[in-house]
Amino acid sequence: MRYLLTIYTNEDDWTADEREACMEESRQLCHALAEAGQFIDAAPLHPVATATSIRVRQGQTLVTDGPFAETHEQLGGYYLIEAVNLDAAIGIAQRIPGVRRGTVEIRPLVLLGGMPSKNKHFARG
Amino acid sequence: MHADIDALYRNEFRRLFATVVRLVRDFDLAEDALHDAFAVAIQQWPQTGMPQNPGAWLISTARFKAIDRLRRTARLELGADALLEDTAGAASDDPAMHYEQQQEIPDDRLRLIFTCCHPALAREIQVALTLREVCGLATEDIASAFLLQGATLAQRLVRGKAKIRAAGIPYEVPAAEQLPERLDAVLAAVYLVFNEGYHASSGAALTRADLAEEAIRLGHLLLELLPDAEVMGLVALMLLHDARRTARSGPNGELILLEEQDRALWNRTQIDAGLALLERALATRELGAYTLQAAIAAEHARAPEAERTDWGRIVALYQLLLRANPSPVIELNRAIAVAMRDGPAAGLALVDSLLERGELTQYHLAHATRADLHRRLGNVNAAREDYLRALKLTRQEPQQRFLMMRLQALEAAGATNKR
C-alpha cells in the first residue's frame, strides 16, 4: 500500500541548527527507506508564510496569501512511502524526526487506475 | 443432523469467521460467505453425512462462496483481484478437499481481537467491533446495552470496517516489540466493556449485566490464546468485582458500599476462580496495573467481614499501583485506604492536598470522599457542603440517590461521631 505521511510542527519551535540536524536525519531515513524498497518521495516545505491559497468560483480565480487553514502546528514536510500495512507505516512514522515535537499524520492513498506513469519533461534530480 | 449443524453454528461460528476473514480479507464478505457455507451444509449434510472435519469443510466452502460473491457483484476492487487470483488456482479442486487435509484449523481469533482493538481505531469503535465481530453480539443488542441508537452503533461498525480496509490495518497478531503496547489497548477495551456492564444504571440494568459477562468471556478467550500476566490480572479483577454484583445494589437499584454489603451474597465460586488466577499472575512476578488492582480486590474478597480488611496491605498495593500507573484517582483511593488504616484525619489531609492540586476538582467522588471523612470526624457542616458539591457533579442517578441518602442520614444523626 501507499501512504502519505505529513508532518505538522510549530515552525517557531525550531532553531536553524535544529532544522539542519532534522534535515540530515531525514536524509538518512530516506536512504534507509530506499534500501528497504519503501521510499517514493519526501521533501521539507518552505515556511507557511510562503503559502498561497487558490479558489476558482464562477470562473473567477481567488488568490489569497496564507495557508488553507491557520493552525497551531503547520504542515512542514511529507514522505510518500510504500508499506505493507498500517503497522509498517506507523513504524516508519515513528522514525521521522518531526514526530518527537509535532504530529505525523498517516493517510492511505487511493490508487487511481489509468494514471500516466511518469512526467515526460521533468525528472527529479 | 440439524441439531449438530445448529450446535456448530452456535459454538464455532466466530472462530470459523476469524479464519475466513484471514482468507478473504473482508469482514462483511467473510460473514456472508460463511452464512452461505452453513446454508449449503444444511442442504447437503443430511444426504452426504457430516464431513470428517466439518470446520475445515465450512471454511473451504465459505472461501469459494466468497469468490462467487466477488464474481457476481464484480467487486474487483484492489485486493479482490489478488484474492481471486490466488484462490482461483485452487478452484478446480474439490472445495471440501483442500482444507479437509488439515487436521487442525489455526485459531485466528487473536488476530481478529488485535485488529478490532487497533489503536488507530477510536475506542468506541474498538468496543463496537469487538462485541460484534469477536463476540458475535447483534448490533441492536450492543446498541441497547450502551444506551445508543441502533443506527449510531451500525455507523460505528461501518466506519471501523471501512478504516480497517482503506488504511490497511493488518489482520495480524502484532510483533513481539509492539505486543505489550497493543495488548494494553485490547485489555482497555475489554475492561471498558466490563465497566459499562458493571456500573449498570437503572432501566437497562439487565442487558448491562450481560456486558460484564461478555467481557469476562472475552477475557477467558484472550487468556486461552495469550496467557500473559496482565491478561490473567484483568480476568481475575473482573471475576473478583463481578462476584459482588448481587450484593452491591439494593432492591431499588440503590448502591450499597463495600463495607455495608452482605458478604454472604458474594459469589464464592467466582471469587475462588479469581483468586486462583491472581496467584498465577503474581507468580510471573510481573506486577502490572490490572494484577495490582486484582490484588486489592482480593484483599476485600478474603476479608470475612469489613472490619477485618487488611488495610495496611491495601495501602501498600495502592503504593505499587501508583508507581506502575500514576493517576490522581488512584491517589484518591489510596487516601481512602489510609483513612481506614490510620483514621479519617490522616485520610482527610491526603484528600485535601490532592484536591488542592486541582486535577480532581470536577470529580464527584473526590468531594464525596472528603464529605465522608468529615462526617466520620463529626464535622457536620463541612460534610454537608462536600456532599452538596459532589451531588452537583454527578449525573448518574444511583450515585445521586446514594449521596441524597447520605445527606439525609447526616441531618438525622446530627453531630454524632460515628465511623
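I began with the cores. A nonpolar core here is a set of buried Ala, Val, Leu, Ile, Met, Phe, Trp, Tyr and Cys residues joined through C-beta atoms within 7 Å. Buried means 20 or more other C-beta atoms within 10 Å of a residue's own, exposed means 12 or fewer, and partly exposed is in between, with C-beta atoms placed from the backbone. The largest core has 93 residues, and B:Val20, B:Ala30, B:Val190, B:Ala236, B:Leu240 and B:Ala294 touch the most other members. I followed up B:Ala236: leaving out residues up to four places away in sequence, B:Ala236 touches B:Gly274, B:Leu277, B:Leu278, B:Ala281 and B:Ala294. A second, separate core has 14 residues, among them A:Tyr3, A:Ile81, A:Leu86 and A:Ile96.

A note on provenance. This is a predicted model, where local features need pLDDT of at least 70 and side-chain atom pairs count only at pLDDT 80 or more, while totals for chains, interfaces and linings use all residues. Residues are numbered from 1 along each chain as its sequence is written, and chains are lettered from A and ligands numbered from 1 in the order in which they are written.

Next I looked up α13 (residues 268-283) and α14 (residues 289-302) of chain B, whose axes come within 10 Å and cross at roughly 140 degrees. That makes α13(B) oblique to α14(B). The scale is under 35 degrees for roughly parallel, over 145 for roughly antiparallel, 65 to 115 for roughly perpendicular and oblique for the rest. Axes are lines fitted to C-alpha atoms, for helices over the stretch in contact, with angles from 0 to 180 degrees between N-to-C directions. Helices (H or I, at least four residues) and strands (E, at least two) are DSSP runs, numbered from the N terminus.

I then checked the loop between α13 and α14 of chain B, where B:Arg285 lies. Phi of B:Arg285 is near 70 degrees, positive in a residue other than glycine. B:Arg285 is exposed, with 7 other C-beta atoms within 10 Å.

On to α19 (residues 380-393) and α20 (residues 397-413) of chain B: the axes come within 10 Å and cross at roughly 165 degrees. α19(B) and α20(B) are therefore roughly antiparallel. Their contact divides into eight nonpolar, one polar and two charged residues.

I noted two helices and six strands, in the order β-α-β-β-β-β-α-β. Of its 125 residues, 16% count as buried. A:Gln58, in the loop between β3 (52-57) and β4 (60-65) of chain A, has phi near 45 degrees, again positive in a residue other than glycine. A:Gln58 counts as exposed, with 4 C-beta neighbours inside 10 Å.

Where the chains meet, eight residues of chain B contact six residues of chain A. The chain B side divides into seven nonpolar, one polar and no charged.

Technical notes:
Two residues are in contact if their C-beta atoms, placed from the backbone, lie within 7 Å. Ala, Val, Leu, Ile, Met, Phe, Trp, Tyr, Cys and Pro count as nonpolar, Asp, Glu, Lys and Arg as charged, and the others, Gly among them, as polar.
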